[in-house]
Amino acid sequence: ETEMTYGRFLAAVHPDDRERTDLAARESLRQHTTCNMEFRCVWPDQTVRWIAATGRGFYCDDTERPSLMRGVAIDITERKQAQILAGESVERFRFLGDALPEKIFTARPDGETDYLNQQWSAYTGLPLHEVLRLGWRAFVHPDDLEEKVSRWNQAIRTGTRFEFEHRFRRADGAYRWHLSRAQPMRPAHGT
């Protein structure tokens, strides 16, 4: 059995993660704090694994150099791969949403909008963050607002499909008729 040295540890860290991992470990040692980090390691068979590690250096003399480091390292490769796939799915969804000519949105279970595609910005003339801040109610024709809000709230309460024809104000102030539709998405547990 070979003793693990810092040099051997660092040599096993993926080359793209080596510098930041080394800097984080050295800073932790310098400040006498616990080091928490995630990095990739290259196994002897050349497979790459993600590691979550926490460790702390212990000083047994007055040299200001750690004589011992203790810690825990956990293989988190499966979790990282799931995060990467989830991120790719989100990017794919946004790309698709922005490529469509329709105004697309998603809303949380409480009915508040949490995503708008770029067509909302083009139609309203406002940046997306401003459209989100104002909310869709600010763009609905006053004569259509009460019924739309009532039907929207009913769909949220009952978890049913929403469909309503109404007028939305565009950037030049003119109102144009729209058909708004929303379909509830139910995960495996059915909520």
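Student: What share of the 191 residues in the protein is buried?

Tutor: Buried means under 20% relative accessible area, exposed over 50%, and partly exposed in between, with a 1.4 Å probe and protein chains only. Here, buried residues make up 28% of the 191. Keep in mind that this is a predicted model: local features need pLDDT of at least 70, side-chain atom pairs count only at pLDDT 80 or more, and totals for chains, interfaces and linings use all residues. Residues are numbered from 1 along each chain as its sequence is written, and side-chain values use heavy atoms, leaving out hydrogens and water.

Student: How do I read the radius of gyration of the protein?

Tutor: It's taken over C-alpha atoms, and the globule rule is 2.2 Å times the number of residues to the power 0.38. A compact globule of 191 residues would come out near 16 Å, but the protein has 27 Å. The C-alpha trace spans about 80 × 35 × 30 Å along its principal axes.

Student: How many helices and strands are there?

Tutor: Both are DSSP runs numbered from the N terminus: helices are H or I with at least four residues, strands E with at least two. The protein has six helices and seven strands, in the order α-α-β-β-β-α-β-β-α-α-α-β-β from the N terminus on.

Student: Which residues are buried in H3?

Tutor: Thr-77, Lys-80 and Gly-97 are buried there.
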